[in-house]
Each structure stands twice: as structure tokens, then as C-alpha cells.
Amino acid sequence: MQNTTQNLFLASGVKNGEGFWIVGVKNCDENILDDKNLLDCHRKELIGNESAKDILFAINLNINNLFNEIKNKNYFIERPSIGISFNIPLDLLECIFDFWLDIYKKKEDWETCLGLLKIRKRISLTSLIKSKSLKGNSKKWAMKVETLHTYVPNPHRIEKLNEPMWK
């Protein structure tokens, strides 16, 4: 299979009055903003198809980890029907996008960071950093990956979870 070039992008959009961010991949010959729901393109990188898939996987995993972290801290962020909530700041999404795009260029660092990201899905990297169980580059990258998960939204905490209807 030929490794065609793709545009990896970060864009904003609105669908049915609901705003969202979206990270995606489009063929290089397609205009990203031809999609009637998209308003503005904030990042666009022309890269190979396999690279785009790998980077998109890491970005989406990072964002899902971030949403799980926010939920675990009892904050509520509404999820739009498409994409990522506007409650997540653009500058954070740009940092996540840029980090995974840049680190992909260094294979060994990419593999280390992707492994740390997968670990971060289960546990915070902070305890690993403090326990000194990570050494050298792993520790350096763990601190960076952890910073991509430190966003705390405005205080819309869920004080009491709703009881299930069937109780």
C-alpha cells in the first residue's frame, strides 16, 4: 500500500448550534474547511498516511485520558455530539497536537512517550516520577506527558452523582 500524504488538522466548528474542536485527517487534495460544519483551521500538517494515523491515535488517547482525569476529579464537561468540547482551551489542544507531532520525528522518544501515555491511561505518572522508578529520558518525558494532563476546568464540580433510576 502506498503511503499517501494526509493533512493532520485541528479545527473548530459548529453543528446545530453546538461548538466543538476536532482533530482529524483529510486527504491532502481536500480543503479542510470544505466541511460546512468547520469554521477555522488552527493547525494543519501535511504528513504521510501511517504517520498521521499514529499521531492521531496519540492525540486522541491524550485527550481521552484528559477527559477521564477531569471526570475522576468530579468536574463536568459536556461532550458535544461531535468532536471535543469548547470547554477545553484551544491553547491546551494546540500543545497536545504540537507535542505529539514533534515527538513523532524522534522514533525512540516517540516510543517512550507513547508507552508513558498508555500507562497514563491507567495511573498518574506523578507517583512514578516521585518514586524515582523512572530514570533519564523516561523521567523527562513522563514529566512532559503528565503536564499534558493537568488541565482543571472552571469549578463546575459534581457534588452529588445522580442516583440510578432503578433503585
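Hi everyone, and thanks for coming. A word of care before we start: what you see above is a predicted model. Let me begin with the overall picture and then walk inwards.

The protein has 167 residues, and 40% of them are buried. Its C-alpha atoms fill a box of roughly 50 × 45 × 30 Å along the principal axes. In it we have 5 helices and 4 strands. Read from the N terminus, the order of elements is β-β-β-α-β-α-α-α-α. Among contacts with a separation of 6 or more, 67% are between residues 24 or more positions apart.

The 4 strands make an open sheet with antiparallel pairing, and the order across it is 3-1-2-4. The edges belong to strand 3, residues 38-48, and strand 4, residues 84-85; each has a single partner strand, so one side of each has no neighbour in the sheet. How many bridges join strand 2 to strand 4? There are 2, and the two strands run antiparallel. If you want a residue to look for there, find Trp-21, which stands opposite Ile-84 in strand 4.

Next, the helices that sit on this sheet. Helix 1, residues 49-72, lies across strand 1, strand 2, strand 3 and strand 4, and runs at about 130° to strand 3. Helix 2, residues 90-103, also packs on the sheet and touches strand 1, strand 2, strand 3 and strand 4. The direction of helix 2 makes about 10° with that of strand 3.

So how do these two helices meet? Helix 1 and helix 2 have axes 9 Å apart and pack at an angle of about 140°. That angle makes helix 1 oblique to helix 2, and the crossing is right-handed. On the helix 1 side, the contact uses Ile-55, Ala-58, Ile-59, Asn-62, Ile-63 and Leu-66. Facing them from helix 2 are Leu-92, Leu-93, Ile-96, Phe-97, Trp-100 and Leu-101. By class, this contact of helix 1 with helix 2 counts 11 nonpolar residues, 1 polar and no charged.

Helix 2 has another partner, helix 5, residues 136-147. The axes of helix 2 and helix 5 come within 10 Å and cross at roughly 150°, which makes helix 2 roughly antiparallel to helix 5. This crossing is left-handed. Here Phe-99, Trp-100 and Ile-103 from helix 2 meet Trp-141, Lys-144 and Val-145 from helix 5. The contact of helix 2 with helix 5 has 5 nonpolar residues, no polar ones and 1 charged. Do look at Trp-100 on your screens: this residue of helix 2 takes part in the contact with helix 1 and also in the contact with helix 5.

One last stop, Glu-94, which lies in helix 2. Is Glu-94 buried or exposed? Its relative accessible area is 18%, so Glu-94 is buried, given that the cut-off is under 20%. Which residues is Glu-94 in contact with, leaving aside its neighbours within four places in sequence? They are Leu-10, His-42 and Arg-43.

Notes
Residues numbered from 1 in each chain as written. Predicted model: local features only at pLDDT ≥ 70, side-chain atom pairs only at ≥ 80, totals over all residues. Heavy atoms only, no water. Pairing = 2+ DSSP bridges. Contact = heavy atoms within 4.5 Å. Axes fitted to C-alpha atoms, helices over the stretch in contact; angles between N-to-C directions. Parallel < 35°, antiparallel > 145°, perpendicular 65-115°, else oblique. Left-handed = near helix turned anticlockwise from the far one by under 90°. Nonpolar A, V, L, I, M, F, W, Y, C, P; charged D, E, K, R; others polar. Buried < 20%, exposed > 50% of the residue type's maximum accessible area, 1.4 Å probe, protein only.
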